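Please look over the sequence and the structure shown here before reading on.

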Number of protein chains: 2
Amino acid sequence: MNIDDVLVQIDSQMQESLGNLMSFMRIPSISTDPSYRKNCREAADWLASYLKSANIPAEVYTTSGHPMVLGHTDGPGPHLLFYGHYDVQPVDPLEQWHTPPFEPCLQETSQGQVIRGRGSSDDKGQLMTFVEACRACIQVHGSLPCKTTFFFEGEEEAGSPSLVPFMREHKDKLAAEIALVCDTSMISPGVPSIASRLRGIMKDEFTLLGPSVDLHSGSYGGPALNPLHEISKIVASLHNDNGGVAVEGFHEGVGNVDESILSQWSNCGFDEKAYLHSAGMTRPHGEAGYTTLEQQWARPTLEVNGLWGGYQGVGSKTVIPAEAHCKFTCRLVGDMDPDHVRKCIRKHVNDRLSDDVKITWDNEPEGSPASVMDVNRPEFALARKALSEEWGREAVFTGMGGSIPVTRFFADILNMESMLVGFAQDDDAIHSPNEKYNVNNFHKGIRSWARIVFAIAGSK
Amino acid sequence: MNIDDVLVQIDSQMQESLGNLMSFMRIPSISTDPSYRKNCREAADWLASYLKSANIPAEVYTTSGHPMVLGHTDGPGPHLLFYGHYDVQPVDPLEQWHTPPFEPCLQETSQGQVIRGRGSSDDKGQLMTFVEACRACIQVHGSLPCKTTFFFEGEEEAGSPSLVPFMREHKDKLAAEIALVCDTSMISPGVPSIASRLRGIMKDEFTLLGPSVDLHSGSYGGPALNPLHEISKIVASLHNDNGGVAVEGFHEGVGNVDESILSQWSNCGFDEKAYLHSAGMTRPHGEAGYTTLEQQWARPTLEVNGLWGGYQGVGSKTVIPAEAHCKFTCRLVGDMDPDHVRKCIRKHVNDRLSDDVKITWDNEPEGSPASVMDVNRPEFALARKALSEEWGREAVFTGMGGSIPVTRFFADILNMESMLVGFAQDDDAIHSPNEKYNVNNFHKGIRSWARIVFAIAGSK
């Protein structure tokens with residue numbers, strides 16, 4: 001098989017590809033709102049039909065939530081599982097859209113042409129980059145160079161309640177050598193990116209119990225223990241003056257990032273200043289001595305996400321409240337163990353309680369460790385080379401500050417590594433009004449996947 | 001005039017006095033709820049009629065809120081102004097009352113007989129101690145030994161919106177040498193108390209503004225500045241390890257309490273341990289080196305009354321919020337100036353802001369200084385002696401942790417000192433279900449006022 005003919009075919013049918021994506025986008029497949037249930041089914045049906053029209057046998061599977069779509073085609077190369085989601089975010093606030101969210105259109109912008117509309121980037125546009133690459137290849141060669149399974153869900157924006165049961169039930173149909181996911185961004189415009197580190201998470205919360213009832217600050221102010229003062233002291237003690245976490249044992253398993261990866265990060269064209277500025281900051285406020293990207297991708301955090309107690313209404317209330325509350329999450333890296341981290345933090349807090357203060361902890365804390373992909377696997381090097389060729393710029397192994405749950409399910413249930421390659425940009429406004437996807441990213445995204453699939457096929 | 005005959009008269013008509021108080025209590029004069037407006041008017045009318053039936057000319061004055069009642073009787077001694085309020089607190093939660101709140105009854109308890117019902121203590125029972133003393137005296141002697149003005153309002157539980165305008169308009173009718181108020185508690189059962197120090201107050205609040213929008217702790221956690229961490233550091237810095245306020249300049253004007261007063265406090269029978277225990281504490285948590293009473297009456301405080309930011313719902317939300325909020329009040333003593341205190345605290349906080357943090361302060365802060373009565377005035381010594389005789393125990397010049405606004409209005413508008421003598425107990429459950437007033441306190445309260453009025457009359 002010849003990749004060049006496939007790339008020519010892709011280029012020649014770009015208008016058709018855009019038209020097909022826009023047909024897909026016209027289906028308002030909002031997964032969180034039950035009134036769009038029929039539309040989610042419609043989007044699943046559309047996808048299955050579209051795969052079949054590209055000579056990829058496909059089927060829609062009913063679940064207790066929105067349907068799954070599975071397609072499959074044989075090929076000589078390694079077995080790939082491509083994952084994407086056909087559901088989209090709600091569109092409110094609707095009045096902030098400049099064009100109707102489900103009437104996609106092409107617009108000229110300072111960045112070139114963009115496809116505007118809900119799902120253009122997340123994830124209809126991104127998943128179609130892979131589908132269109134495969135369609136072109138089958139048009140030219142009659143088949144794909146790799147055995148390929150297509151797996152699309154319709155609940156990603158709704159917490160994927162059916163995903164784990166479906167994976168467990170259909171392990172055999174989903175088995176493959178590696179999962180490919182197209183739901184991530186490029187680190188900066190024009191810089192191809194493979195997200196190879198996702199941070200883990202640990203969630204917990206506590207309540208400090210001070211006086212037996214809310215007290216009046218007139219009569220009791222002075223001798224009364226104020227839980228708001230206590231919780232402030234405790235929260236203040238969680239970090240040191242260098243912005244690092246001050247909890248003993250917290251950093252166990254953090255590990256270091258290879259010099260070669262660090263050098264990719266510092267040369268990836270990431271505009272740190274603009275990035276921070278867009279969030280109202282002039283400098284990174286995390287651990288001193290680490291860059292913004294290192295703080296986001298390779299360093300752990302302990303963030304208080306909610307802190308409250310006492311009176312929050314208009315005016316003043318002279319209350320010394322009986323309780324104070326704190327919710328927090330940690331982002332984990334390397335081999336950090338969520339349970340160990342939780343234990344260290346609980347000890348740190350419990351050790352700092354004043355007498356007369358009681359504490360209760362959340363009964364259902366959650367956690368999952370970080371995912372660090374094995375970038376020494378041949379598929380990563382091949383994909384990196386393929387991306388670099390397409391974009392004329394060395395591809396970067398980036399990190400992600402958050403987690404993508406599906407990659408953990410692939411690892412835990414299907415024992416499969418994931419490779420995350422996406423062509424979105426940070427300014428795509430996914431989850432916001434006026435979502436867009438750059439036409440050039442869509443086009444080069446399709447070409448990138450053709451190159452990657454051919455490159456991986458060549459390894460066998 | 002002879003006090004002994006008056007005391008005999010008081011004793012002989014105790015059943016009648018209790019019956020009259022209960023008639024008064026049957027009127028549900030809840031001032032905060034507009035649906036009881038008619039009942040407030042009814043209570044004012046009842047009071048005026050009752051004064052007149054005791055040969056005290058009285059009149060009801062309409063205001064834009066609930067009416068005022070003014071009575072007046074001449075006498076040879078110094079001119080007294082007695083203040084009380086006929087309105088009562090709402091009764092919810094109604095299901096926690098063991099008897100209907102407006103159907104007063106006498107009950108036997110381990111403390112002896114009590115009058116149960118809303119207003120029994122606050123303030124219908126207390127104000128009737130003075131009225132009944134005067135009624136008995138007029139019955140025996142035809143007049144009072146002091147010129148006396150009676151002043152009752154019906155909005156004390158509703159913030160007294162009509163009080164200041166009424167005082168301004170009727171300065172001449174309210175002019176007197178000293179104001180007597182019966183709306184306070186005894187420091188411990190059987191220990192007569194004159195509240196002679198009320199703390200002042202200063203209210204303020206601020207908001208810290210960090211990131212320009214709420215951020216996701218996955219993508220931004222690390223470099224993002226977290227306003228909840230910042231506000232915790234600031235609140236934690238407000239107090240030192242000894243429980244004192246750590247703000248520079250804050251203590252200016254605090255002053256000391258006379259040794260003689262301190263010795264009254266340490267010998268007043270106040271059960272510190274039981275008091276703290278009732279609020280869930282085993283020790284006073286204020287400034288080291290001061291007793292519970294000193295911390296409440298003679299030391300300033302800085303209490304955070306509300307602290308909040310981020311997510312407060314069920315479960316977890318991985319947010320780094322854009323804002324964090326803090327409401328606080330200070331209790332002031334001695335000559336502390338509310339404006340100076342506010343300036344010192346604002347400077348302390350502003351000096352501790354990280355770069356990239358902005359702050360906004362409340363536009364309508366409030367404050368009023370402490371009131372320290374001039375206990376060297378002869379009325380105070382005379383009242384103390386009278387109370388000591390009645391109760392067989394040295395009366396105590398106590399303090400109060402909070403403020404009683406009417407005393408400031410008497411001082412500011414009428415240029416009049418107040419003397420606060422009350423016979424309530426901390427367990428009277430004022431503002432709560434099952435309010436009560438000890439019959440013995442009511443009885444000895446009436447006798448106490450007779451003695452006080454005669455003692456002050458003798459000074460002229």
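Two strands are said to pair if DSSP finds at least two bridges between them, and the strands themselves (E, at least two residues), like the helices (H or I, at least four residues), are DSSP runs numbered from the N terminus. This is a predicted model, in which local features need pLDDT of at least 70 and side-chain atom pairs count only at pLDDT 80 or more, while totals for chains, interfaces and linings use all residues. Residues are numbered from 1 along each chain as its sequence is written, chains are lettered from A and ligands numbered from 1 in the order in which they are written, and side-chain values use heavy atoms, with hydrogens and water left out.

Six of its six residues are buried, so S8(A) is largely enclosed by the rest of the structure; buried here means under 20% relative accessible area, with a 1.4 Å probe and protein chains only. With strand S17 of chain A (residues 396–400), S8(A) pairs in the parallel sense over five bridges, and in this pairing A:Ala195 stands opposite A:Thr398. The pairing of S8(A) with strand S18 of chain A (residues 417–421) is antiparallel and has two bridges, with A:Ile194 opposite A:Val421. Strand S16 of chain A (residues 371–372) also pairs with S8(A) in the antiparallel sense, over two bridges, and there A:Val372 is the bridge partner of A:Arg197.

The contact, counted where heavy atoms lie within 4.5 Å, takes 69 residues from chain A and 69 residues from chain B. Between them the two chains bury about 5100 Å², 51% of it on carbon and sulfur atoms; this buried area is the accessible area (1.4 Å probe) that two parts lose on being put together, summed over both.

Strands also join across this boundary, where S11(A) and strand S11 of chain B (residues 301–310) run antiparallel and are linked by five bridges. Within this pairing, A:Gly309 stands opposite B:Leu307.

Across the interface of chain A and chain B there are two salt bridges, each a side-chain nitrogen of Lys or Arg within 4 Å of a carboxyl oxygen of Asp or Glu. One of them joins A:Arg283 to B:Asp355, whose closest N and O atoms are 2.6 Å apart.

Terms used:
Buried < 20%, exposed > 50% of the residue type's maximum accessible area, 1.4 Å probe, protein only.
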